[in-house]
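This report goes through the structure shown below by topic.

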There are 2 protein chains.
Amino acid sequence: MSNTNSLPMDCLKMVFNLFPNWKRATEVKKLGYKLHGNPFSTNTRRVLAVLFEKGLSYEPITVDLKAGEHKKDSFLSLNPFGQVPVLEDGNLKLSESRAITQYIAYVHSSRGTQLLNLQSHETMAILTMWMEIEAHQFDPFASKLTWEQVIKPIFGLETDHMVVKENEACLEKVLDVYEKRLGESRFLACNTFTLADLHHLPNIQFLLDTPTKRLFENRPKVRNWVHEITSREAWKMACDQEESWFGKSGNK
Amino acid sequence: MSNTNSLPMDCLKMVFNLFPNWKRATEVKKLGYKLHGNPFSTNTRRVLAVLFEKGLSYEPITVDLKAGEHKKDSFLSLNPFGQVPVLEDGNLKLSESRAITQYIAYVHSSRGTQLLNLQSHETMAILTMWMEIEAHQFDPFASKLTWEQVIKPIFGLETDHMVVKENEACLEKVLDVYEKRLGESRFLACNTFTLADLHHLPNIQFLLDTPTKRLFENRPKVRNWVHEITSREAWKMACDQEESWFGKSGNK
C-alpha cells in the first residue's frame, strides 16, 4: 500500500499511461484498507487514530456490537476471537488493534506523523517497553473502568461501584509512575508523540466523561499530557466518524 | 552488543592485537546483560528462553520475591512498577518481559534461532498479531490459572477453585482457536518457531504440572505444539537455572 506514496507523481503518471491496467489496480490498492469495527469501540478508535495520523483513507464496515454481530459466523471467519476491529489489506486479515497500529506505522513509516522511534535498537526498545506498559499496566484497569462506567450503561447494565473503586486505586499507582516519567520526557517513550501515547487515547477519552477524570486532573504532568494527546487533530477525527460509518441518518 | 558478532574473527583478532584494551572492553560488553529477576518467575523465564535461543550469556541478579525485594526502593529505581525482570544493557534499563524479548531478538536477529519473521511487513504483522493474541487472549487466563494453582500454594495461600473453573472455561475457548490455527500452520505465526510461540512457554510449563494440563492434552494439534516447544533445548536450559542464580547451595 505504501509503495506508490514514495514515487514522484510525474513518474507514476508516465508509468500509468504505459500500463493503464496497473493504474486501476493501484487505485484499488490505495483504497484497499477495509476496517471492520465500530467507531464507538475503543479498539477500533485506536486504529482510526493511526489511519488519520498517517493521512490514510479506509473503507468502514460496521459490525453491530449491540446485535452481537461480532459473535456470528461471518465475523468469526475474520477473527475467531470475536472482537473488533479487523483490518483487511488485500489478502492480509489482521486482528488485535495494537498489531494493526504497528503494521500501519511500519508500512507507512515515512508518511505523516512519525509514530515509531526507529533511530536505534535502544530507542525502539524504550518505545516497545512503553507500549507494553500501556497494555499490561494501564489497560487492565482503564478498560475495566471504561466497561463499568461507559459501556455497561449503554447496554442497560448497572455500574459496579466496588469494581470502580478497586480499579481506580490501581490506576492511581500507575498514573503516579506516569507523572514522574512525564517530568523527564514530554511524551512517554521520548520527546515526540508515538504509538505508546496513541494506544492510551481510546480509554482516556471515555474516562474523561466519568468521575475517573479526576485521577488525570490531579496530576499536573499527566493532565498536560492528556490535554496534548486528546487535542490532536487526528484523534478528533477518529472520534468524529459516525457519519462515515452510519451515514447522515446516524443509525447505529 | 551485537556489533562484534558480525565481524569476521580474523579481523577481530587483528584489531584486538593492536588495541588490547578494546578487547577487554569488548569482552566485558559481551557479558554486559544483567538480568534482575528470579528463575521461578514466568516473566523472567520468558527472557531466559530468548537468551538461550540466541546463545547469549547473562549476569543473574536475584530479586528475592518472597522477601518482597521487588517492592523496595532499590528495585523500584529500576522498575517503578515493581515487577521482574529488568534487563540492564549498559545504560539501557528495560522492564516488561515481552519488550525485552523483542529487543534481544532484534539486536541479535542474525544470530541463533530466528525468532522474528522479517521477510515482509505482512509476515511481521502476522507475528505481531500472534504476540498480541498471547498477551491479550491467552495470558490473562493462563496467568490467573498459574497464580491460583502454582504461585499461591508456594506463598501458603489457598487456591480458589471457582476462579480456576471460570478461567479454564475461558482458556478452553482460546485453545479451540489455537487447535484450528495449528492445523494450518506448524507454529502460531508461521511454520517456524518464533517469539509468538516462545512467549507462551512460561505459563504452559507451570500449567503442565496442574490439572489444567488436560486442556492442552485434549487437543491433538495443541498437544503436539506444546510438546514441541517445551522440548526445545533452550527452554530446558531456561528452566534449569537455579544453580546460576542461587549457587550450588540452591538457597532461594
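## The largest cavity

In this predicted model, 15 residues line the largest cavity. Those nearest its centre are Q102(A) and E132(A) from chain A, with Q102(B), M131(B) and E132(B) from chain B.

The space in the largest cavity comes to about 140 Å³. The structure has one cavity of 30 Å³ or more. By residue class, the lining of the largest cavity holds seven polar, four nonpolar and four charged residues.

## Relation of the two chains

In general, two copies of a chain are related by a rotation about an axis together with a shift along it.

## Chain A and its annotated domain

Chain A contains 13 helices and four strands. Of its 252 residues, 52% are buried. Among contacts in chain A with a separation of 6 or more, 68% are between residues 24 or more positions apart.

An unreviewed UniProt entry places the feature "domain: GST C-terminal" at residues 120–246 of chain A. Over residues 120–246 the chain is 76% helix and 0% strand. The end C-alpha atoms of that stretch are 43 Å apart.

## Helix α5 of chain B

How many of the 11 residues of α5(B) are buried? The count is 10, so α5(B) is largely enclosed by the rest of the structure. The buried residues include S97(B), R98(B), A99(B), I100(B) and T101(B). Q102(B) is also buried in α5(B), and Q102(B) is one of the residues nearest the centre of the largest cavity. Further along α5(B), Y103(B), I104(B), A105(B) and V107(B) are buried as well.

## Backbone exceptions

Most residues other than glycine have a negative phi, and most peptide bonds are trans. The following residues depart from these patterns.

Which peptide bond of chain A is cis, with omega of about 0°? The bond joining V84(A) and P85(A) is cis. P85(A) sits in the loop between α4 (73–76) and β3 (86–89) of chain A. In chain B, the peptide bond from V84(B) to P85(B) is cis, with omega near 0°. P85(B) is placed in the loop between α4 (73–76) and β3 (86–89) of chain B.

E96(A) is not a glycine, yet has a positive phi of about 70°. The loop between β4 (92–94) and α5 of chain A holds E96(A). Is E96(A) buried or exposed? E96(A) has a relative accessible area of 9%, so this residue is buried. E96(B) likewise has a positive phi, near 70°, and is a residue other than glycine. E96(B) lies in the loop between β4 (92–94) and α5 of chain B, and is buried with a relative accessible area of 10%.

Notes:
Residues numbered from 1 in each chain as written. Chains lettered and ligands numbered in written order. Predicted model: local features only at pLDDT ≥ 70, side-chain atom pairs only at ≥ 80, totals over all residues. Heavy atoms only, no water. 1 Å grid on protein atoms, 1.4 Å probe; cavity = no way out; pocket = protein on both sides within 12 Å on 5 of 7 lines; lining within 4 Å. Points joined across faces, edges and corners; volume = space filled by probe spheres on them. Nonpolar A, V, L, I, M, F, W, Y, C, P; charged D, E, K, R; others polar. UniProt positions renumbered as here; feature names shortened; annotations may be inferred. Helix = DSSP H or I, 4+ residues; strand = E, 2+ residues; numbered from the N terminus. Buried < 20%, exposed > 50% of the residue type's maximum accessible area, 1.4 Å probe, protein only. Contact = heavy atoms within 4.5 Å.
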